[in-house]
Amino acid sequence: MLTNDATEKLSVKLPLTTEQENLVKKIISFTKKHINGDNHAIFTVYGDAGTGKSVVLAHLFNQIQLAARNEKKSNLYGTKNYFLVNHPEILKVYKEIAGQEAGLYKKDFTRPTSLINELDKKQAQVDIVVIDEAHLLLSHRDAYNNFTYNNQLIEIIKRSKVVILVFDPYQVMRTKTYWSTERLEKITRQYPHEDYHLTHQFRMNASSELIDWFNTFTDEAKIMPFPKNARSGYDFRVFDDAEEMRQEIVKRNQEVGLSRILSTTGYPSILDGKNHYIEEGKFKMPWDQYNYTSKPWAEIPETINEVGFFYTCQGFDLNYTGIILSPPFTQIPGTNKVQIDTSKFTDTEAFKRRPDLFDNKKLEQVKKQLFMNQVNVLFKRGVYGTYLYAHDPLLRATLYKYYRNILARDK
């Protein structure tokens, strides 16, 4: 089996690249410079999915906490610091890592709303806050999550001296967590700040040309021929039968583990007891269920029998992914363009109105953008292979034709 456990991928025992090491040093230097200053200070790390943002943060926070708890000569000694992530599956991983490291405590890791509300009760402040997946921070009040303010980032900055965050605008998925680089920088530019951009793709063994194909599909809604090297060192496939794709993913899971079926929103609820099913011909599988265990969804063996959603797999590596492009996607006849029918969205929670940000016309554009962001997250999961299947017959036929073309060239 291939080793691809999330806790091992984020382990602080694993070595960093030279760039990552230098970035950690740069952020610690920034933190020491501003920890006793009169202003709040913010360091932002930008990077696409798979560029090693979380690995950097895990090592960084470990060094900060070792200094805070053990290094009496450091100006970080005695500081009170927290690591935040607004994603329950990723939080589980960090808490498990904390249980293995002498300098980290599980209580150091929490969700943004929990910390904000706890500090309010105590009328307290903290020193350093590290935020993973900052694109998941709430940008609007949310009674369901017990958040009564208007913006989580603003409230975190108010309650801390130094904030270190990672951000990817292409991983913004819901209107209640709606962000853009411009909206983020409108906040961060009010304070002493530094930025850094990570660009090297660590997760996928795919060629840069295939990654560019994925980006063109989601950024421009264009269906281009696959690059000649789409399968060079990477198991890329297109299927015209969803059940056949599922069977191949099951084989990969038996061979190397961490292989799963994923899909975008847009399948009507087909209820069978408590499960909601996706059906495509002979293919029939339930959506992922709420995960009450301490393990991430993809690392539970039984989830090979479920279809993962973007929120299940965001932030995680999978060895192989079988991706279903759902009913909202259709190819415009006679063109190489994809159109998105927002009326077919079934994840209504992700696309709620935001009258504070945009009118209905703008909301329609934002819905399409967020949907494409969800697809891009799915595209960037597979370390060793990505399999595709499209619900729309025309789109499926076009993708399969382009795939057969590269198979013919490989012979």
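User: How many cavities of 30 Å³ or more does the structure hold?

Analyst: Rolling a probe the size of a water molecule over the atoms shows where empty space is left. This is a predicted model, and the structure holds 1 cavity of 30 Å³ or more. The volume of the largest cavity is about 40 Å³.

User: Which residues line the largest cavity?

Analyst: Its lining is made up of Val12, Ala58, Phe61, Phe83, Tyr94, Ile97, Leu104 and Phe109. At least two residues of that lining come from α3, and at least two from α4 (88–98).

User: Now the helices. Which residues of α2 are buried?

Analyst: The general idea comes first: an α-helix has 3.6 residues a turn, so residues three or four places apart point the same way. Here, helix α2 covers residues 18–34, 17 residues in total. From first C-alpha to last, α2 reaches 25 Å, close to the expected 24 Å. Its buried residues are Gln20, Leu23, Val24, Ile27, Ile28, Phe30, Thr31 and His34. They lie on the same side of α2 because they cover an arc of only 160 degrees around the axis.

User: Which residues are exposed on the other side of α2?

Analyst: Those are Thr18, Lys25 and Lys33.

User: And what do the buried residues of α2 pack against?

Analyst: Their partners are the helix α3 (53–70) and the strands β1 (41–47), β4 (128–132), β5 (162–167) and β6 (193–198).

Methods: Residues are numbered from 1 along each chain as its sequence is written. This is a predicted model: local features need pLDDT of at least 70, side-chain atom pairs count only at pLDDT 80 or more; totals for chains, interfaces and linings use all residues. Side-chain values use heavy atoms; hydrogens and water are left out. Helices (H or I, at least four residues) and strands (E, at least two) are DSSP runs, numbered from the N terminus. The expected span of a helix is 1.5 Å times one less than its number of residues. Buried means under 20% relative accessible area, exposed over 50%, partly exposed in between (1.4 Å probe, protein chains only). The arc is that of the directions from the helix axis to the C-beta atoms. Contact means heavy atoms within 4.5 Å. On a 1 Å grid over the protein atoms alone, a cavity is a set of points where a 1.4 Å probe fits but cannot get out, and a pocket is an open set with protein on both sides within 12 Å along at least five of seven lines; lining residues have an atom within 4 Å of a point. Grid points are joined across faces, edges and corners, and a volume is the space filled by probe spheres set on the points.
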